[in-house]
Amino acid sequence: MAQIAFTLRGMRCAACGNIVTTAVQQVPGVSQCDVSFGAAQAMVTYDPQRVSWQAIQQAIAQAGYGAEPLVNTDLLAEATAEDNAQAVTMQELQHRLFLAGGATLVLVVGSLPMMLGVSIPWLPMWLHHPWLQLALTTPIQFWSGESFYGGAWKALRYRSATMDTLVALGTSAAYFYSLFATLFPSRVEQHGHAPDVYYEVSAVVITLILLGRWLEHRAKGETTTALRKLMGLQPSTARVLRDGMEQEVPVSAVGVGEIVVVRPGEKIPVDGEVIAGASTVDEAMVTGESLPVAKGVGDEVIGATLNQTGSLQIRATRVGQETFLAQIVRLVRQAQGSKAPIQRLADQITAWFVPVVIAIAIVTFILWYSVAGNATLALLTTIGVLIIACPCALGLATPTSIIVATGKGAEYGVLFKTAASLEQAQAIQVLVLDKTGTLTQGHPTVTDVITHGAEPLEVLTLVASVEWHSEHPLAVAVVTYAQSQGVTLKEVTDFQAIPGSGVVATVATQTVHIGTQRWLEELGMATHEFAAAVHTLEAQGKTVIWLAIAQGVVGVMAIADTVKPEAAEVVRTLHALGLRVVILTGDHPTTAAAIARQVGIDQVCAGVRPDQKAATIAQLQAEGKRVAMVGDGINDAPALAQADVGIAIGTGTDVAIATSDITLISGDLHGIVTAIQLSRATMRNIRQNLFFAFVYNVAGIPIAAGILYPLWGWLLNPMVAGAAMAFSSVSVVLNALRLRHFRPQVVSLRHPL
C-alpha cells in the first residue's frame with residue numbers, strides 16, 4: 001500500500017469533505033481516504049498496482065474540487081505556491097464581497113421604511129422600488145453567490161447536502177418570493193397594499209456569509225504559518241562542484257553524491273556529510289537544539305540549517321523527499337490531515353445535520369403558516385432556520401486546533417505522527433523511560449581517576465596506551481578521556497585480552513593490567529586499599545576498572561554513562577503534571593537505582609531483557625494506567641509499540657522512530673514535557689470549540705424558528721441568522737489560533753510550574 005496527500009481547493013464546509021471521501025473511496029484500489037476540512041487536505045491510502053494517484057486526482061476533480069499532490073520535492077517552491085493559491089482565493093472572495101457589499105448597502109438603505117415600519121421623508125421613493133432592488137440583487141444572487149449554487153449542485157450529484165445547500169435554499173426562497181411579488185404584485189397583495197419584497201434579505205445574507213468566509217479563510221491561513229515557515233527554511237539554490245567549477249543550481253537539481261559548497265552565513269541546502277572544512281552549525285530551526293553544533297570532516301549535517309563560522313564542502317546523502325526537513329514536513333502534514341478520535345462525534349453529526357435542518361425548516365414553515373396564517377412570517381422563520389444552521393463550526397472545531405498544535409509542536413522539535421497521538425498524550429498517567437541514550441547521554445565517559453603511590457598522568461598514559469588496542473566500549477571511553485587530557489600514547493607490545501577479566505600488555509618495560517578486581521586478586525595483587533572508594537563509586541552506579549602496574553594495584557578508574565543535564569528538571573515537571581515516572585532498563589539494579597536517585601524517579605525496573613520490555617509495559621497497563629514509553633534503540637521498538645503512546649528520541653534509530661507515536665527530533669528530554677503540555681492545551685481548546693459549536697446550533701435553530709418571537713421578534717430577521725452563522729466559524733478558528741501562543745513550562749528550583 002502507498003499513501004499520498006492532496007491539497008484540496010473548493011471545499012467550503014465540513015460536509016464537502018464527505019463528498020470528497022465518497023468520490024475517492026469509490027475508486028477501485030483505494031483502501032482509505034481521510035479528508036480534513038480544516039487543513040483542506042486529503043490523505044489517501046491506495047494500492048499502486050491497481051490505481052494511480054492521477055486517477056484519484058481525477059476522481060476528486062470529477063466531484064467538483066481541485067486537488068494537487070503534495071510530494072515535497074521543492075519545499076520552498078511548494079510554500080510559495082500555497083501562498084499564491086491563498087492570495088488568489090482571497091482576491092476572488094474580495095471581488096465578490098466588494099460587489100455584494102456595495103449593492104447591499106443601497107438595498108438596506110432603500111428597505112429601511114419597510115424594516116422600521118415608518119416613513120422616512122428624506123429617503124427617495126425610487127430607492128426602494130422593487131425593480132431597482134431586483135436589478136441590484138440579481139448579480140449578488142447569481143455572481144457573488146454563485147459558489148453556493150455550485151456547491152449545492154455538487155452535493156446533490158452525490159445525494160448529499162452541505163452548507164451550500166442551506167444557503168442556496170434560504171437565499172433563493174427570499175429572492176424568488178420577491179421576484180414573484182415584483183412580477184405579479186396583485187397575487188400577493190397584503191390588505192390592498194403593495195406586497196413587501198425581501199431582496200435585501202438575500203443580499204445581506206450572501207454578503208455576511210462571504211464576509212465570514214473571507215475572515216475565516218484569512219484566519220485559517222494563520223493556522224498553517226508554522227508549517228509554511230518550516231518549508232520556507234529550505235534554500236532555493238545550492239552551489240555545486242561540477243567539472244571542478246562551482247555552479248549555482250536549483251536545490252531540486254542536486255543529486256546524491258554531488259559535492260556542495262557552503263560558505264559562512266549560508267543555509268546548508270541538502271542533508272550530507274562534511275568532507276572538507278570545519279564550522280559551527282545552528283540547527284535550532286529544524287531540531288530545536290538551542291546551541292550551535294560543531295561540525296568537521298565525517299560529521300553529518302542537516303539541510304536548511306545555518307552554517308555559521310567556516311566554509312564546508314558537503315557530499316549530498318539525501319535530497320528531495322528524502323531530506324530530514326522533507327520528512328518533518330511530511331510527518332506534520334500527515335498529522336494535520338488525520339482525524340482525532342474526538343472528531344468522530346462531530347463527523348457523525350455533520351453527516352445527518354443538513355438533512356435534519358431542511359426537515360426542521362419545512363416543519364417551521366408549516367407550523368407558522370398553520371398557527372399564524374402569515375405566509376411572510378412563515379417564510380422568514382424558514383429562511384432563518386436554513387441560514388443559521390451551518391455545520392461549519394462543528395467541522396472546524398477539531399482540525400483547526402490540530403493544525404495549529406502540530407505546527408507549534410514542530411517549532412519545538414516535537415513531531416506527532418497523527419492527530420490521535422496528539423489526543424492520547426494528554427491522558428498519560430505513567431511515563432516509562434529507557435535509561436541508556438534516553439535518560440543518559442548514551443556513551444560511557446570517565447568520571448573519576450583515583451591513584452595511590454603513582455603519578456595520575458603517568459598512570460593514565462600507560463592505561464590509555466594499552467586500551468587503544470582494545471575494542472571494548474569502555475576502552476574507547478578511556479582513550480577519549482586521555483586524549484582530552486593531552487596524553488601522548490606510547491608503543492605497546494604483547495597485548496592480550498582475557499575474556500571476562502581484562503587486558504594485559506607491556507608498555508616500554510612495564511607490565512600493565514587493566515580489568516576486574518577478582519582477576520587482579522587471582523593474580524595475587526592486594527586490592528583492599530581502594531575498597532572504600534570503589535564501594536562509593538559503585539553505589540553511584542558507576543563501572544569501576546582496576547589498574548595495576550608491575551604486579552601492584554596503583555589505582556581505579558570509574559566510568560559511567562552520564563545523565564543528561566535536563567533530566568532532573570524534566571522529572572520534577574512530570575511529577576508536577578501528575579505523572580508516575582519509571583526507569584526501564586537492562587542494566588544492573590544498582591546502576592539503575594543510582595540514576596533514579598540522581599534524577600528523582602519513582603520506580604525502577606532493572607535487569608529487563610529487550611524481549612521483556614513490552615511485557616513490563618503490558619503489566620503497567622493491566623493496572624488500568626495509560627502508559628507512555630520513551631526510548632531510542634531497536635530493542636525499545638516492541639515496548640514503544642505496546643505503549644499507549646510511544647515517544648522516540650529522534651537521535652535514535654529509524655526503527656524506533658517508525659514505531660513511535662511522537663518523535664523528539666533533538667533528543668532533548670524537555671520535548672516530553674512539551675508534548676504532554678501541548679496535548680493538554682490542545683484538547684482544552686478543542687473542547688471549547690466543540691462547546692461553542694454545539695451551543696451555537698442548539699440555541700440558534702430554535703431562536704431562528706421563532707421560539708422567542710413574542711419577546712424579541714427582530715431575532716426572526718434572516719439577516720441576524722446570516723450574521724450569526726458567518727461569525728460562528730470565525731470564532732472557532734480564532735479560538736484555535738490562541739494555541740500559537742503556547743509555551744511549555746518546566747519545574748525548576750526557581751520557576752515552579
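Reader: How many aromatic pairs does a search of the whole structure find?

Author: In this predicted model, the search finds 10 aromatic pairs.

Reader: What makes the pair of Y175 and F176 edge-to-face?

Author: The ring centres of Y175 and F176 are 5.1 Å apart, and a pair requires centres within 6.5 Å. Their planes stand at 85°, and planes over 60 degrees apart count as edge-to-face. The pair is therefore edge-to-face.

Reader: Why is the pair of F365 and Y369 called stacked?

Author: The planes of F365 and Y369 are 5° apart, and the limit for a stacked pair is under 30 degrees.

Reader: How are F365 and Y369 placed in helix 12?

Author: F365 and Y369 are four residues apart in helix 12 (residues 343-372), so about one helical turn separates them. An α-helix has 3.6 residues a turn, so residues three or four places apart point the same way.

Reader: Which residues do ring pairs link into a cluster?

Author: The cluster consists of F142, Y149, Y175, F176 and Y199.

Reader: What makes R96 a charge that sits over the ring of W143?

Author: The charged end of R96 is 4.7 Å from the centre of the W143 ring, and the distance limit is within 6 Å. A second case is K154, which lies over the face of Y65 at 4.4 Å from the ring centre.

Reader: Why is helix 17 described as largely enclosed by the rest of the structure?

Author: Nine of the 12 residues of helix 17 are buried, so the helix is largely enclosed by the rest of the structure. Among the buried residues are V459, L460 and E467. Helix 17 (residues 456-467) reaches 16 Å from its first C-alpha to its last, close to the 16 Å expected at 1.5 Å a residue.

Reader: Why is T506 called buried, and what is T506 in contact with?

Author: T506, in strand 18 (residues 502-507), has 16% relative accessibility; this is under 20%, so T506 counts as buried. Leaving aside neighbours within four places in sequence, T506 is in contact with E491, V492, T493, D494 and T511.

Reader: What makes P48 partly exposed?

Author: P48 lies in the loop between strand 3 (41-46) and helix 2 (53-62). Its relative accessible area is 45%, which falls between 20% and 50%, so P48 is partly exposed. Beyond its neighbours within four places in sequence, P48 is in contact with M1 and A2.

Key:
Residues are numbered from 1 along each chain as its sequence is written. This is a predicted model: local features need pLDDT of at least 70, side-chain atom pairs count only at pLDDT 80 or more; totals for chains, interfaces and linings use all residues. Side-chain values use heavy atoms; hydrogens and water are left out. Helices (H or I, at least four residues) and strands (E, at least two) are DSSP runs, numbered from the N terminus. Buried means under 20% relative accessible area, exposed over 50%, partly exposed in between (1.4 Å probe, protein chains only). Contact means heavy atoms within 4.5 Å. The expected span of a helix is 1.5 Å times one less than its number of residues. Rings of Phe, Tyr and Trp (its six-membered ring) pair if their centres lie within 6.5 Å; planes under 30 degrees apart count as stacked, over 60 as edge-to-face and the rest as tilted. A charge sits over a ring if NZ of Lys or CZ of Arg is within 6 Å of the ring centre and within 35 degrees of the ring normal.
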